[in-house]
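Q: Could we go through this model together? I would like to begin with the way the strands pair.

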Amino acid sequence: MTSETKLGDSPSYIEVWGDTVSPKHMWLSILMGVIFAPAAFLTSRWAFESSGVDAQLAGSYSLLVGLGACLVVAVVGANLFKPKRVLVESELGSREDAMDAIEAEVGPIGDPDTFSAGDLAEVKQLGLYDDFKRRFEQNSAASTNEEKS
Amino acid sequence: MEELLPMIGWALGMALAGAIAFGLLGLVSGTDETATIAPITLLVILLGVPPVGVFAFFMAAISAKHITHAIPTTLLGIPGDTMAAPLLRDAQLLRELGVPHIALRKAISGGVLAALIAVPLAVLFAWLLTPFADAISSVAGWIFLAAAVLIAFLSKSRWAAVIALIPFVLLVLGLNAFTLATLDKTLTVSFFLGIATGPLIVDMFLAASPVGRKTLQRADKRRFELAADSRTWKGRMPSPFGVLSRGQLGATAGAATISSATFVFSPVAMTVLMGELFGSRVKGAYQRLTTQMSVKNGTTESTYIAETLIPLIAIGLPLSPMAASVASPLFNAPPVYTIDDGVPNNLHTLLEPWQFLVFGLLAVIIAVLLTYPFAMTQAHRAAKWIMQKVSHEAIIGAFAGLLVVISLYEGGVIALFVTLTVGLVGGMLNKLFAVHTGVQFMGYYVAVLSVPGILALFA
């Protein structure tokens, strides 16, 4: 058990827009966004207009300031609030299981020795050749057994 | 020449900006294209960037995002964005086989090849369609109505989505009448923002309500499994043409050609269909999986490129699912680009066909040059960094801020209320009834372009 998943904590995460967040941190971040960015936009528009910049241009410039403010919000937010994700780096499952799933869903892998030269080289380089070959031999042995019985 | 140099400067600069911004955003899982590319493109337009720059920005953004979206899809097993979803199962199987890097390499190589093919092909198909453009434009109102019904029917909700168009169109008409009375103008940008970020807005409402929060609660942090780092080539990095077998090159090119011509279909549907069509002919499960990775990711590029370019060059009205959603600002972003009464004043009228070809290719090449080597060498580190450093809270906060800023820009507090209204209603339609943003964008155009014609018939 890692320190991140303490037992007994009440569920404190919510899933918003496809990932888990802490509600408190999300609201603080949103609050930052909807206060700071529009404030930067409105203030700079007022400043540009009162210094005599053409209204259309003042709008565009302050839009750029607003976008910059949103980026600042993102950077500050990322520094204040750490991601609520667990990242595990792992060697994944067994290759046997994967080949079972592939043969069930996609179709037989086949005899790697009948692959085109390019595919064969690719499979050998990836270290898949021996497993594919063994799988093919097992499959053909199984099917000849079935024919006999 | 004097005119050409600044044009090239804008195109290069904006393509770089688009490729970097959306190449990075492609790494963040679940960043839907409509919700991210449409608002930022809108911003670029409103800022006053010249047409060539806007176009190059957009083309580089979509090409770059659909290269890097393959990184979370293959290495983390979560779709990078909406278009990555059809690749997920094939990527998972290859990941479990212990070769996630080959899934990634096949996917991005297919993307590069298809993007480069799609630009000239789309320009060609647009040119073939141009003689019929006037005829199409003159009945555009009816085409929008038919397309809206078709796109709605093809969504997961079928007839429910078709019927749901009625209240949605009425909502748009009502809000337009309201803003016409209060602001003396109708809004556009705020509708797009509301539709595009509806899924986020509805989640925020749910999170704010004690009743709704229960549906979002999770006991644990979301768990992601990052595949171990592996890179198998020695020495020079292989080119896309070295990564794909001859059969895969042919299949990807074929899929790119077909999906470029069929610009009226949903990009996700085309991606699934092309994968089936070209995958099922391949013998051997390993070859089929790797071919599908290449063909499908290639199709995510070619559909996006062709569905943008063909209506843009030939007609000037957003008559494809892509043009009506992600690429919408290129057609209609008042006061800069407009399609008032169905008469385009946008990139269609501001750029020549050769400019679409040259600057489109330029933007795609820049995006590819930046993202392909990056994805080939840095995928693992980048995926890990994003997952560990960039919190979802930070992204949500920034987008919430952007929503408010752009709304205030278009029409002050009233525009903000319109965005909120459209976002809540549209988000609920999306979340509860799978009436996706493409249907809603068509609904908006039905309200603006079809309804006046229909009412005139009965007047």
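Q: What does A:Ile14 stand opposite in strand 1 of chain B?
A: The residue opposite A:Ile14 is B:Gln217, in strand 1 of chain B. Strands here are DSSP runs of E with at least two residues, helices are DSSP runs of H or I with at least four residues, and both are numbered from the N terminus. The model is a predicted one, in which local features need pLDDT of at least 70, side-chain atom pairs count only at pLDDT 80 or more, and totals for chains, interfaces and linings use all residues. Residues are numbered from 1 along each chain as its sequence is written, while chains are lettered from A and ligands numbered from 1 in the order in which they are written.

Q: In what sense do strand 1 of chain A and strand 1 of chain B pair, and over how many bridges?
A: They pair in the antiparallel sense over two bridges. Two strands count as paired if DSSP finds at least two bridges between them.

Q: And how many bridges join strand 1 of chain A to strand 2 of chain A?
A: Three bridges join these two strands, which run antiparallel. Within this pair, A:Val16 stands opposite A:Asp19.

Q: What is the order of the strands in the sheet?
A: The open sheet has three strands in the order 2(A)-1(A)-1(B), with antiparallel pairing. Strand 2 of chain A and strand 1 of chain B are at the edges with a single partner strand each, so one side of each has no neighbour in the sheet.

Q: What holds strands of a sheet together in general?
A: Strands of a sheet pair through backbone hydrogen bonds, in either a parallel or an antiparallel way.

Q: How many residues of each chain are in contact?
A: In chain A, 70 residues are in contact with 59 residues of chain B. A contact means that the C-beta atoms of two residues, placed from the backbone, lie within 7 Å. On the side of chain A that touches chain B, the residues divide into 41 nonpolar, 17 polar and 12 charged. Ala, Val, Leu, Ile, Met, Phe, Trp, Tyr, Cys and Pro count as nonpolar, Asp, Glu, Lys and Arg as charged, and the others, Gly among them, as polar.

Q: Changing topic, how many helices and strands are in chain A?
A: Chain A has five helices and three strands. From the N terminus on, its elements run β-β-α-α-β-α-α-α.

Q: Which domains is chain A divided into?
A: Chain A has domain 1 (14-80) and domain 2 (95-140), with bounds from an automatic or database domain assignment. Their centres, taken over C-alpha atoms, are separated by 53 Å.

Q: Now chain B: is B:Ile315 buried or exposed?
A: B:Ile315 counts as buried because it has 24 C-beta neighbours inside 10 Å. A residue is buried if 20 or more other C-beta atoms lie within 10 Å of its own, exposed if 12 or fewer, and partly exposed in between, with C-beta atoms placed from the backbone. B:Ile315 is found in helix 16 (residues 285-315) of chain B. Not counting residues up to four places away in sequence, B:Ile315 touches B:Ala133, B:Ile136 and B:Ser137.

Q: Where does helix 22 of chain B bend?
A: Helix 22 of chain B bends by about 45 degrees at B:Ser450, and B:Pro452, a proline, follows within four residues. The bend is the angle between axes fitted to the seven residues ending at a residue and the seven starting there.
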